[in-house]
Amino acid sequence: MEDLKLCESDYRFLCVVWDHAPVASGELVKLCWDKLGWKKSTTYTVLRKLCQRGFLENKDAVVTALVPKEQVQVYQSEHFVDRVFDGSLPQFLASFLGGRALTEQEAQEIKELIDRYSGQ
């Protein structure tokens, strides 16, 4: 699946599915009411749309995710950095931190990520 772009409401809906999958469609309606404030018709409309796009499957009234959350998060993150920061990860990090000091633990974890992804 190439286009993993989602609007905020579709992403929030998918989070409900990812947290509870596999989930009966009737239970999904209740969960969406509780977590998103959605009516049954809204839930089924979004479910149908995301099934058509290949994100979900609704088989025998049981909804399962076809795309892992991590895959969508990677795509959404890359798209955000490209769109807002012209693809500059350093600009994104500087803006994200906004002058906030990192804890030693956070700094160490970031250093380890940099080492892991820079091939060191």
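**View A. Pairing of β1 with β3 in the predicted model.** In this predicted model, strand β3, residues 62-65, runs antiparallel to β1 and is joined to it by 2 bridges. Valine 23 lies opposite valine 63 of β3.

**View B. The β2-β3 hairpin.** Strands β2 and β3 run antiparallel and are joined by 4 bridges. Glutamate 57 has threonine 64 in β3 as its bridge partner. The hairpin has 2 residues between the strands, and aspartate 60 in this hairpin takes a positive phi near 55°.

**View C. The open sheet of 3 strands.** The strand order is β1-β3-β2, and the pairing is antiparallel. Strands β1 (23-24) and β2 (56-59) are at the edges; each has a single partner strand, so one side of each lacks a neighbour in the sheet.

**View D. Helix α3 and its buried residues.** Helix α3 consists of 13 residues, 40-52, and spans 18 Å from its first C-alpha to its last, close to the 18 Å expected at 1.5 Å a residue. Thr43, Val46, Leu47 and Leu50 are the buried residues of α3. Viewed down the helix axis, the buried residues of α3 fall within an arc of 105°, so they line one face of the helix. In general, an α-helix has 3.6 residues a turn, so residues three or four places apart point the same way.

**View E. A nonpolar patch on the surface.** The patch is formed by Leu102, Ile110 and Ile114, which together have about 230 Å² of accessible area. Isoleucine 114 belongs to helix α6, residues 104-117.

Technical notes:
Residues are numbered from 1 along each chain as its sequence is written. This is a predicted model: local features need pLDDT of at least 70, side-chain atom pairs count only at pLDDT 80 or more; totals for chains, interfaces and linings use all residues. Side-chain values use heavy atoms; hydrogens and water are left out. Two strands pair if DSSP finds at least two bridges between them. Patches are made of residues with over 30% relative accessible area and no salt bridge: like charges are joined within 9 Å, nonpolar side chains (Val, Leu, Ile, Met, Phe, Trp, Tyr) within 5 Å. Accessible areas come from the Shrake-Rupley method with a 1.4 Å probe; for residues, only the protein chains shown count as cover. A salt bridge is a side-chain nitrogen of Lys or Arg within 4 Å of a carboxyl oxygen of Asp or Glu. The expected span of a helix is 1.5 Å times one less than its number of residues. Buried means under 20% relative accessible area, exposed over 50%, partly exposed in between (1.4 Å probe, protein chains only). The arc is that of the directions from the helix axis to the C-beta atoms.
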